[in-house]
Each structure stands twice: as C-alpha cells, then as structure tokens.
Amino acid sequence: MRNHIGRAAFFKQHPRACALAALDEATNQQKKITPGAIKIKKGQFTGKTAVIVGSGIGGLTTAYELLAQESGAQVIVLEAQNRTGGRCLSLRTGDTLTEDQDSELFGSQAGKTQVVRFKQPRGDSQPYLNAGPGRIPSSHKRLLGYLKRFAVAVEVYVMNSGSNLVQLEGGPFNSMPVTYRQLDHNTRGWLAQMVYEHAEQLLQDTIHCDASTLKTRVEQLQDLMISFGELVATGENKGQYEVTAGETGFENARARAGYARLPGVSTGVIAEALSFDDLLASEFYNSRFYQPVDFLWQPTLFQPVGGMDHVQRAFAQEIAALGGVIHLNSPVAHIDWDENKQQFRLSVSQMGSDTPIIYEADYCFCNAAIPFLKNILSDTLQGSNTGKGFSDDFKTALKTVYQAQFDPKSLGGTETDSGYIQRFLACTTKVGWQADRHLWQGSHLQTIVNQQIGDDVIEVVDSEIGVVPIFGGISWTDNDITQIWYPSNDYQDQKGILTGAYNFSETAYTWGKLPISERLHNAREDAKRFGKAFGEGLSDGVAIAWQNMPYIKGGWAQWQALGDSDVAVKQFNVLAQGSGILQANGALSDPNFFIIGDQISSLPGWQEGAIASALNALSRACRPDLEIPHLASLPDTRLMVEGV
C-alpha cells in the first residue's frame with residue numbers, strides 16, 4: 001500500500017499548501033503585535049499560581065521560563081503519565097510500553113504490554129530507541145540553546161549518506177535496492193549532458209542573452225554542467241556523461257556514482273550507469289528521495305547523546321532545582337472556573353480513590369492535545385451560553401477542532417475503504433529493531449583461498465564486493481515501512497538499534513489496528529526487500545502506534561483536517577492568542593488560559609514548535625495588550641513532518 005504521492009501530484013491537488021506559514025501582513029499591521037518572546041519582569045506574577053497541564057516539551061518550557069525568569073509564580077505541572085516528555089520517548093531495556101486497544105480518545109481499554117528486551121554486549125553502549133522525536137535540525141536554535149544551557153551533549157544525526165538504499169517494488173531495477181549515490185549522480189549526469197548539448201538554445205529561450213554575451217554564457221553554462229554532472233572535461237567526448245574514475249591511466253576515485261569493485265589493493269571497477277530511461281521509469285524521486293535536501297532535514301542535524309529523552313529530563317531537573325513541582329500520575333479530569341475566587345479549578349484523578357485532588361490556578365497552560373479538552377473543560381468555560389467562560393470566538397475555534405477529530409465528515413473529510421479518514425490528530429507508527437551492525441556496516445575482512453595463486457588473501461566476502469558500509473542515514477522504500485533509519489551513534493558497537501518502520505496516514509491507521517506481532521512480522525518482511533539476511537537478522541522488535549497511546553492519541557496536529565483553509569487559519573489564530581474569562585459586566589479579562597504544544601505553532605510535529613508555543617503563551621500573559629502574530633497560511637504537516 002502506498003502511503004504517499006509525488007510532490008508534483010501533491011501540489012497539483014493542493015495548490016495552496018505551504019511548507020512554512022507566512023505572516024498575515026495586513027492583519028498584523030492593524031494590531032499591536034509582539035515582535036518576539038517577551039521577557040518576564042522579575043516578580044511580575046508574584047502571588048499567582050500557574051498550573052500546566054501536561055509535561056510535554058511545551059509544558060516543560062513554560063514551567064522552566066516562569067521559574068528561571070523569577071516571575072514569582074507558584075508553578076505546578078500535572079502529568080497524567082508516570083514520566084515527563086509526552087511524545088519525547090526513548091525506550092531502553094526493561095522499559096514497558098502499553099498502547100490502548102484503539103485510537104478512541106475517551107473510554108479506551110489498555111492493550112497488551114510490550115517489554116523492551118534489547119541486549120547489551122560487553123563494551124557496547126546502552127541501546128535505546130527514540131520512539132518519538134529522533135532528530136533536531138540545526139535551524140532549531142531555541143531547542144539547541146536550551147540543550148547547551150543545560151549541558152546536554154549532542155552528536156550529529158546522519159539524515160542521509162550516499163550508501164543508503166532506495167527499494168522500489170516492481171520497478172525497472174527488478175525491485176532490487178539501489179544506492180542513493182548511484183540514483184543521484186546518474187540522474188545529475190544525464191541531465192547535465194542534456195543541458196550541455198542544448199546550452200545555447202536554453203540560454204536564448206530563458207535569459208535572452210544578447211549577441212555580445214551569448215558565447216561567453218554558453219561556455220560558462222557548459223563548464224558548470226561538466227562540474228555539476230561529472231561530464232567528460234576534454235577530448236572528443238567532451239560534454240558526454242561517461243562513468244569513469246578520471247583521466248585515462250590514472251585511478252583517482254572520481255566516480256561519484258560508486259564502484260562495482262572498490263579501489264584499494266586492486267584497481268576499482270566503476271559501476272555501470274543506470275540508463276536515464278530506467279531512472280525516469282522508476283520514479284525514485286517519489287520515494288521521499290529528496291527529503292534530505294528539504295530545509296528542515298538539511299545537514300547538520302543533531303541528537304542528544306544517549307537518547308532524545310535527555311531533552312525532557314534536563315528540563316524536569318531544572319524545574320525541580322528552581323522550585324517547581326511536577327506531579328506524575330496526575331491526569332486532569334475536569335477544569336472549571338470559580339467565579340468567586342476568579343481562579344481555575346482543576347480536578348485530578350487519584351489512583352485507588354473516587355475523590356479527586358483539587359488545584360486552583362490563576363493561569364492555566366494546557367499542553368494536552370486540543371481534542372481532549374472536549375471532555376475536560378466545563379460547560380461553563382466552553383458551553384454555548386454567551387456571557388460566560390471563554391470568549392465566543394475561542395469557544396467556536398475549540399468546537400471546530402473537535403469536529404475535525406470526532407466528526408471529520410462534517411468538515412468534508414472522506415473515508416477510504418479501509419475506514420481511514422483524516423482527523424485533527426495524525427496517525428503514525430514506528431517499529432524498532434536490534435541487530436548486529438555487520439548487516440549494514442559490513443563484515444570483517446576474511447582470509448579466502450585464492451585458487452589462481454594458490455595462497456590465502458585477505459578480502460571481503462563476495463556478496464560485499466563494491467558495497468560501501470552504511471553509517472547512519474535512511475533507506476527508502478515504497479512499501480509499508482516507508483523507511484529504515486540506521487543508528488547515528490556508537491558505530492564501533494557490535495549491535496545497533498534501527499528504526500525499522502516509520503509510516504503515516506492510512507498505512508499507519510491500518511497498522512495501528514494490527515496486533516503487535518503482526519506489525520513486527522510485516523516490518524520484517526518489508527525489511528527483507530533490502531536483503532534476506534538483513535531482514536532475518538532483526539530481533540527484539542518493539543512497535544508503537546501513537547494514535548493508540550493513552551493521553552496522546554496521535555503524532556501531531558493536522559490543521560488541514562479542519563477543511564476550508566480560511567477556516568483553519570482563522571481558528572488557529574484565535575486559539576494561539578489564548579482566552580480570558582467573560583465577566584459579569586460583559587468584559588473579557590486578560591488572557592489566562594492558553595493552549596501550548598507544537599499543535600499551536602508554525603512547526604507542528606517538532607519540539608522547536610512546542611518551545612515556540614510556550615514562549616508565545618508567556619508573551620501573551622506578560623503583555624496581554626500585544627497579540628501573537630497572525631498567520632496567513634498554516635503549515636501542512638504532510639510537507640513539514642512526513643516529507644511528502
């Protein structure tokens with residue numbers, strides 16, 4: 001089942017889709033807008049209590065900043081689970097993982113518990129799987145800034161290497177995996193040759209050179225193509241794409257597309273070029289092949305040393321050191337407004353008791369996914385009665401998000417034959433495996449008897465001749481698993497942890513309904529397409545469907561599920577401002593209820609977005625006279641997270 005479409009087809013179907021949200025200049029010019037994150041004045045919230053619902057990165061950032069900037073507020077974080085971090089989850093040996101039996105937000109029953117059973121050979125580092133966020137783009141300066149401040153060590157995350165593989169079912173390469181470098185550089189070579197041969201015509205038709213500069217520009221374009229496409233630079237075949245190791249008589253390892261036999265003790269043999277016809281017929285470019293050059297995934301990316309959960313652990317430790325309190329196993333069941341005290345009243349369920357614990361707050365920052373508020377917020381706060389609770393436009397925006405989650409058909413959503421329909425919270429699944437690293441990093445050199453010389457030679461096994469080991473990066477396939485992530489750490493270890501599947505939308509929805517054992521079976525079978533021994537060497541698998549995870553129920557927010565883009569933009573901008581409470585005299589108080597998390601940012605699905613949302617909410621609390629900049633168009637997570 002294909003769970004993606006080509007970029008060209010996507011933009012044809014969705015001409016208004018934007019990878020990054022643009023500022024609505026007309027609206028922003030008419031309002032007083034905050035130019036950036038407002039610094040909290042020391043003691044500004046003295047005597048006030050701020051309760052944060054949920055300890056995802058957005059909630060932790062909110063708590064940390066209130067404390068670190070000495071706001072004077074009493075800071076309380078209420079977390080439903082037995083750990084902080086939300087979707088920031090790293091799994092290690094002995095950890096347990098329990099999904100709900102379904103993706104329903106309310107009333108689900110717990111499913112079968114998985115136990116992580118990764119092995120740790122002597123000398124290996126502790127194995128882990130980043131089941132949630134797994135990489136940090138270098139453009140995410142706020143998150144990287146916090147990690148530097150908290151002394152969290154980071155290392156390079158390899159998004160792509162030339163040795164990564166692309167496997168296309170039923171393609172012109174007999175469904176065999178092909179290296180990234182060969183697909184990339186063969187394509188560049190053939191395109192460069194075409195441009196070289198038609199350089200004069202192309203320049204006349206595009207930049208309209210006059211006669212005095214045309215000859216020079218043609219020569220410059222042809223020189224560019226020789227460099228760009230690795231064309232023959234001299235002689236009678238100048239400008240042709242011929243795979244070669246360089247000048248005749250010299251072995252200078254120039255061939256970008258790789259070798260059939262690697263140069264070393266013996267002379268290398270250049271890999272034969274794939275024909276341009278086969279390259280086009282394969283449609284390899286529709287397999288997320290170019291995702292590594294999209295802005296968010298361009299080098300350099302990072303990961304915390306030892307696991308992504310070091311992000312949330314560092315935040316939690318700082319919060320504790322500064323006097324904040326994080327209550328685990330404290331699911332918020334109800335939020336109401338006490339008119340007499342002019343405070344929020346939060347009821348938290350206690351394990352083993354029908355009597356809830358009550359917390360009172362002057363400010364409430366909600367890091368829970370918006371659809372959960374449908375059953376958590378009181379009718380006083382979000383009901384249809386005008387003159388009470390939140391502002392009317394805030395109530396409307398909430399209800400529209402609820403529609404997108406619980407009744408998407410009413411907003412124009414279409415259900416597929418499998419029962420999948422796009423909802424506000426996205427479906428996404430992952431599978432993790434442990435395996436011996438030689439399966440992708442190559443075997444040790446072996447002593448082999450050479451019959452020709454009658455002596456032992458030290459050589460690689462025949463199956464690995466010409467194969468460059470894979471150190472990090474992602475291999476792509478058009479099958480259900482979509483991709484395989486190779487570890488970007490501890491390359492000398494015996495074993496490594498792979499992300500053996502990471503898929504989205506309808507495929508993830510279907511996988512989420514399967515038993516864990518069946519997901520693992522399917523993931524192994526798809527992995528065998530990269531080599532039977534590779535697939536059979538995978539062990540100790542663990543699977544997670546985020547739409548089934550309690551208190552989370554999705555991978556990220558899909559604002560496009562709200563249907564009409566103008567409606568989605570309007571509701572997003574309303575929710576981003578937070579809301580005050582309507583008073584008896586009809587006036588609206590300064591905003592004191594805020595939705596935070598990557599769900600209400602221009603970077604949905606990214607930790608940087610969660611941080612930005614927290615800083616925006618704090619800015620509104622500090623300066624209620626200034627609004628958060630309005631967006632003219634919303635980010636489409638199919639572009640920004642899935643890499644469509």
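1. A definition comes first, since the counts by class below rest on it: Ala, Val, Leu, Ile, Met, Phe, Trp, Tyr, Cys and Pro count as nonpolar, Asp, Glu, Lys and Arg as charged, and the others, Gly among them, as polar. The structure discussed here is a predicted model.

2. The second largest pocket. By those classes, the lining of the second largest pocket holds 27 nonpolar, 13 polar and 5 charged residues. The volume of this pocket is about 1,400 Å³. Its lining is made up of 45 residues, and the closest to the centre of the pocket are Glu464, Ile465, Gly466, Val467 and Val468.

3. Several helices and strands each supply at least two residues of the lining of the second largest pocket: the helices are α5 (180-197), α13 (438-441) and α16 (532-536), and the strands are β10 (178-179), β11 (259-261) and β21 (455-459). Which element gives the most to this lining? Helix α13 does, with 4 residues.

4. Rolling a probe the size of a water molecule over the atoms shows where empty space is left. For the whole structure, the search finds 3 cavities of 30 Å³ or more. The largest cavity has a volume of about 300 Å³. It is lined by 26 residues, of which Tyr128, Pro487, Ser488, Asn489 and Ile497 are the closest to its centre. Two or more residues of this lining come from each of β6 (128-130) and β24 (495-504). Strand β24 has the largest share of the lining, with 5 residues. By class, the lining of the largest cavity divides into 10 nonpolar, 10 polar and 6 charged residues.

5. Helices α3 and α9. Two packed helices are described by the angle between their axes and the distance between the axes. For α3 (residues 57-68) and α9 (residues 310-321), the angle is about 30° and the axes are 9 Å apart. Angles under 35 degrees count as roughly parallel, and α3 and α9 are therefore roughly parallel to each other. The crossing of α3 past α9 is left-handed. On the α3 side, Ile57, Leu60, Thr61, Ala63, Tyr64 and Leu67 take part, and they meet Val311, Gln312, Phe315, Glu318 and Ile319 of α9. The residues of this contact comprise 8 nonpolar, 2 polar and 1 charged.

6. Helices α6 and α7. Helix α6 (residues 199-206) packs on helix α7 (residues 211-229) at an angle of about 120°, and their axes lie 9 Å apart. Is α6 roughly parallel or oblique to α7? The angle makes α6 oblique to α7. In passing α7, α6 makes a right-handed crossing. The contact involves Ala199, Glu200, Leu203 and Gln204 from α6, together with Leu214, Arg217, Val218, Leu221 and Gln222 from α7. Its residues are 5 nonpolar, 2 polar and 2 charged.

7. Backbone points to check. Most residues other than glycine have a negative phi, and most peptide bonds are trans. Where in the chain does Arg288 lie? Arg288 is in the loop between α8 and β13. Its phi is near 60°, a positive value in a residue other than glycine. Thr300 also lies in the loop between α8 (276-282) and β13 (301-304). The peptide bond that runs from Pro299 to Thr300 is cis, and its omega is near 10°.

Key. Residues are numbered from 1 along each chain as its sequence is written. This is a predicted model: local features need pLDDT of at least 70, side-chain atom pairs count only at pLDDT 80 or more; totals for chains, interfaces and linings use all residues. Side-chain values use heavy atoms; hydrogens and water are left out. On a 1 Å grid over the protein atoms alone, a cavity is a set of points where a 1.4 Å probe fits but cannot get out, and a pocket is an open set with protein on both sides within 12 Å along at least five of seven lines; lining residues have an atom within 4 Å of a point. Grid points are joined across faces, edges and corners, and a volume is the space filled by probe spheres set on the points. Axes are lines fitted to C-alpha atoms, for helices over the stretch in contact, and angles run from 0 to 180 degrees between N-to-C directions. Angles under 35 degrees count as roughly parallel, over 145 as roughly antiparallel, 65 to 115 as roughly perpendicular and the rest as oblique. A crossing is left-handed if the near helix is turned anticlockwise from the far one by less than a right angle, and right-handed if clockwise. Contact means heavy atoms within 4.5 Å.
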